[in-house]
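Biologist: Hello! Could you walk me through this model with a few questions and answers?

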Amino acid sequence: MINSLYQLVNKGSFRTLSFLLALGLTIAFFLNIHGFSTTLRTASPIVVLSIIWGIVTSWIHGIGFDIRTSLLKLILSPLIGYITGCFAVISHFLR
């Protein structure tokens with residue numbers, strides 16, 4: 001089941017989306033480091049770790065690493081990375 005869910009997003013267009021999301025979040029983080037640190041200072045550590053995990057997942061999927069084990073496919077699932085990445089974008093630009 002994990003393999004079939006992973007194959008849904010293992011296409012070129014989703015990899016491009018992951019790359020652009022990761023690139024955008026990374027640029028937003030580095031260009032506004034004070035705003036990010038101020039915003040994330042008051043957030044829960046779980047939220048901060050999930051945002052970082054979403055960015056890492058987007059980079060891994062966007063660059064095109066081939067994940068072979070089911071456990072890593074579950075941990076580094078691009079679907080969950082998209083959700084946390086979108087959450088990071090919304091929380092960063094709406095505050």
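**Surface patch, a proline and a salt bridge**

Modeller: Phe19, Leu20, Leu23, Ile27, Leu31, Ile63 and Phe65 make up a nonpolar surface patch of about 700 Å² accessible area together. Patches take residues with over 30% relative accessible area and no salt bridge, joining like charges within 9 Å and nonpolar side chains (Val, Leu, Ile, Met, Phe, Trp, Tyr) within 5 Å; areas are Shrake-Rupley values with a 1.4 Å probe, and for residues only the protein chains shown count as cover. The model is predicted, with local features needing pLDDT of at least 70 and side-chain atom pairs pLDDT 80 or more, while totals for chains, interfaces and linings use all residues. Numbering starts from 1 along each chain as its sequence is written, and side-chain values use heavy atoms, without hydrogens or water.

Biologist: Which helix gives the most to the nonpolar patch?

Modeller: Helices are DSSP runs (H or I, at least four residues), numbered from the N terminus. With 5 residues in the patch, the top contributor is helix 2 (residues 12-31).

Biologist: Is proline 78 buried or exposed?

Modeller: Proline 78 belongs to helix 6 (residues 78-93). Buried means under 20% relative accessible area, exposed over 50%, and partly exposed in between (1.4 Å probe, protein chains only). Because its relative accessibility is 3%, proline 78 is buried.

Biologist: Which side chains meet in a salt bridge?

Modeller: The whole structure has 1 salt bridge, meaning a side-chain nitrogen of Lys or Arg within 4 Å of a carboxyl oxygen of Asp or Glu. At 3.4 Å, N to O, the partners are aspartate 66 and arginine 68.

Note on methods. Helix = DSSP H or I, 4+ residues; strand = E, 2+ residues; numbered from the N terminus.
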